[in-house]
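I wanted to look up how the copies are arranged and then pick through one residue.

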Protein chains: 4
Amino acid sequence: VPTAASSPLAGLGSQIAALQECGHDFWRRGWSLGTSSNYSLVVARDPLELLLTASGRDKGRLGSDDFVRVGADGVPTSAGQPRASAETLLHVVAARQPGVGAVLHTHSATATVLSDLCSAAAGVELAGYEMLKGLAGVDSHQHAEWVPIFENTQDIPALAAEVGAALNGTATARPHGYLIRRHGLYTWGRDLAEARRHVEVFEFLFECELRRRGATAP
Amino acid sequence: VPTAASSPLAGLGSQIAALQECGHDFWRRGWSLGTSSNYSLVVARDPLELLLTASGRDKGRLGSDDFVRVGADGVPTSAGQPRASAETLLHVVAARQPGVGAVLHTHSATATVLSDLCSAAAGVELAGYEMLKGLAGVDSHQHAEWVPIFENTQDIPALAAEVGAALNGTATARPHGYLIRRHGLYTWGRDLAEARRHVEVFEFLFECELRRRGATAP
Amino acid sequence: VPTAASSPLAGLGSQIAALQECGHDFWRRGWSLGTSSNYSLVVARDPLELLLTASGRDKGRLGSDDFVRVGADGVPTSAGQPRASAETLLHVVAARQPGVGAVLHTHSATATVLSDLCSAAAGVELAGYEMLKGLAGVDSHQHAEWVPIFENTQDIPALAAEVGAALNGTATARPHGYLIRRHGLYTWGRDLAEARRHVEVFEFLFECELRRRGATAP
Amino acid sequence: VPTAASSPLAGLGSQIAALQECGHDFWRRGWSLGTSSNYSLVVARDPLELLLTASGRDKGRLGSDDFVRVGADGVPTSAGQPRASAETLLHVVAARQPGVGAVLHTHSATATVLSDLCSAAAGVELAGYEMLKGLAGVDSHQHAEWVPIFENTQDIPALAAEVGAALNGTATARPHGYLIRRHGLYTWGRDLAEARRHVEVFEFLFECELRRRGATAP
């Protein structure tokens with residue numbers, strides 16, 4: 001679908017198509033049901049602007065008008081666009097990290113249950129898995145990835161500030177993603193392919209962790 | 001497939017196509033196997049008429065003649081149509097609620113097992129999940145959705161009366177859906193998109209509840 | 001793909017296409033992996049002849065030459081055809097029941113595990129499920145379907161005789177299908193649509209039974 | 001996509017297409033997520049040369065340039081090709097067995113968890129399953145397949161030597177595949193169809209073993 005040159009989405013056809021395809025796959029797998037999830041791409045850096053899924057759209061059938069262009073304040077760059085998701089600021093805080101070009105939020109049953117089971121520890125450690133090498137910069141299974149779990153809230157600015165502090169903290173290695181309790185996963189990458197790989201890696205490892213907890217050793 | 005102007009389905013081609021697509025997806029996910037499930041759309045309001053899947057059809061391969069138009073009494077509006085499902089009155093009672101345009105009944109293994117596990121309490125509480133915001137009018141995860149569970153019966157008029165009383169009761173908030181024990185889910189929405197979103201939300205949350213019961217905390 | 005008039009498969013193009021489509025779906029769901037499973041249709045009754053999947057073919061990608069026509073002795077009706085499955089006689093014994101037009105054997109992980117868990121009782125009872133109404137002639141969830149479980153063996157003539165005796169026994173109601181321990185399901189119907197519905201019903205109910213055993217009540 | 005005659009991939013179009021299709025299916029099933037897994041075909045025997053997936057490619061969307069041709073030393077046969085996977089030597093050691101034409105490495109959550117649960121025994125026994133007959137040369141369910149489990153390491157030459165010794169040992173029957181702990185499955189066959197059948201057989205049986213451990217007998 002061509003977009004008028006004056007549209008804030010002008011020239012973003014291939015990015016939109018890539019997010020549509022991504023959404024269809026995640027929805028098919030059960031990671032983006034019920035209009036949950038949001039996906040964004042960095043389309044300008046100075047100042048920061050994101051192409052973001054609009055609020056409440058069906059991720060299995062994203063149309064070309066189910067997107068919005070927002071600035072670093074989380075507000076649409078121009079009038080007449082659909083409403084941005086309430087969680088836009090979480091995309092902004094993730095996108096502000098160095099070298100990040102795409103941010104993906106998914107919402108699987110596995111992540112929902114695991115984030116609740118492990119909430120007392122405020123995180124889940126993923127360690128000793130070969131699949132960890134799918135995370136950017138990890139080159140051995142002998143890696144321990146700490147995935148922080150934040151309590152869920154509807155106060156997104158407060159949560160965004162809390163997440164931002166954790167992402168920029170110096171006490172621990174910068175995480176590749178985090179969970180919100182009973183809510184889902186946020187992860188990112190230098191481009192959509194890397195962010196999508198991170199989603200697949202995390203969802204796979206969450207599934208391993210949850211299945212491990214439901215099985216008994218021989 | 002064009003439909004003769006005199007057919008009770010005349011002019012309903014796009015609604016039928018939408019239900020076919022919905023059925024294929026639910027069947028693919030295992031929510032409508034074995035010719036289970038029924039789907040309906042409100043096509044007239046005064047008096048109420050529904051476009052409904054005919055009895056016993058394969059939901060993964062719904063043909064254009066696998067539908068029937070019924071009135072508020074659950075009876076086809078004209079002769080020569082396929083037999084309506086035995087559960088037609090459950091669609092009618094749901095469709096009579098204010099603002100309802102679509103009613104979906106699905107039949108997943110998860111809902112079947114969970115409705116049995118929780119039958120002693122006559123319901124299951126879904127609380128504290130972000131996904132609850134996919135239910136119309138819910139704007140926080142700090143919501144407790146009580147999903148009533150009714151005992152299964154082949155006496156559909158009696159069950160429809162029982163359901164109708166529960167939906168119109170004033171003691172509790174109006175539910176967004178209900179379970180029939182060892183049978184499945186009924187939910188609805190102002191249109192098919194909303195009803196389908198509700199199916200996805202409920203099936204997701206049932207899966208969370210069931211997986212939670214099969215895992216052990218660390 | 002047209003078939004030479006002299007071929008034993010001449011005129012069976014639509015039946016072959018229907019079995020190919022069925023195989024692809026079962027393979028996709030994980031019910032016919034690893035070249036497991038066999039499907040047959042009754043193509044002549046007096047004497048009995050079956051159109052049957054040939055031995056060892058990939059059920060997700062059945063070609064038009066992956067079928068064989070066999071007689072009641074389980075032997076191909078003419079030379080030059082592919083080898084029939086070792087389990088051909090199990091298809092014959094099921095097809096000999098009155099009114100049977102199609103026989104489907106599937107091989108899911110769920111049926112494999114459940115048939116082992118319940119082998120001491122030599123059967124599994126499926127009772128109180130609405131989905132039971134998907135079995136031909138069952139009109140209430142208040143039905144108890146006894147699914148016999150036979151010990152697995154490579155002596156198919158002996159197993160066929162044992163199954164035949166059970167199917168024709170008068171002590172209990174004729175079953176709609178049976179399990180072979182750690183092997184899978186045999187079911188049938190008056191035509192392919194009914195047999196396929198029975199596969200969906202049984203696989204759904206096996207999944208319910210197995211998930212029930214892995215969950216804890218609240 | 002045609003390939004220049006001088007390319008090391010010249011003439012391998014159909015083999016590449018077959019691996020692309022295989023990768024898409026494995027990715028869809030969750031057996032090759034996050035760019036995990038590697039697939040290879042023997043394209044020359046004397047000396048041995050393999051067509052292999054290049055390092056770090058998305059197995060759900062393999063392009064025609066996501067492959068590399070390597071020799072028995074695991075090094076690309078000519079300059080200008082993509083980087084070969086770090087695990088190339090594991091493909092070589094498997095392909096050196098007599099009659100092997102294809103080697104597949106998959107990486108499912110099931111194999112990951114099971115290989116960890118059973119690591120103390122350094123293997124998992126798969127016995128008494130009809131599905132075992134899907135392994136080449138096995139003609140009865142009364143077969144016990146010992147699947148060795150190797151500790152994971154990033155020292156692939158050392159692991160390849162260890163695997164090679166196990167595959168060529170005379171103390172036990174030659175296995176049809178092996179697991180690397182918390183990493184995944186390696187299996188092979190005389191051609192891609194047989195190797196793929198072995199993947200389906202092993203993944204099915206791993207699923208059976210893991211589900212069995214999560215269920216309780218009645």
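Ground rules first. I'm working with a predicted model, where local features need pLDDT of at least 70, side-chain atom pairs count only at pLDDT 80 or more, and totals for chains, interfaces and linings use all residues. Residues are numbered from 1 along each chain as its sequence is written, chains are lettered from A and ligands numbered from 1 in the order in which they are written, and side-chain values use heavy atoms, with hydrogens and water left out.

**Across the assembly.** I checked for contacts (heavy atoms within 4.5 Å). Chains A and C have none, with their closest C-alpha atoms 8 Å apart. Chains B and D don't touch either, and their nearest C-alpha atoms are also 8 Å apart.

**Ser37(A).** I found this one in the loop between helix H1 (13–28) and strand E1 (38–45) of chain A; helices (H or I, at least four residues) and strands (E, at least two) are DSSP runs, numbered from the N terminus. Buried or exposed? Ser37(A) is at 4% relative accessibility, so I log it as buried (under 20% relative accessible area; exposed is over 50%, partly exposed in between; 1.4 Å probe, protein chains only). Thr106(A) is 69 residues away from Ser37(A) in sequence, yet their C-alpha atoms are 4.8 Å apart. Beyond four places in sequence, Ser37(A) has contacts including Trp31(A), Lys59(A) and His105(A).
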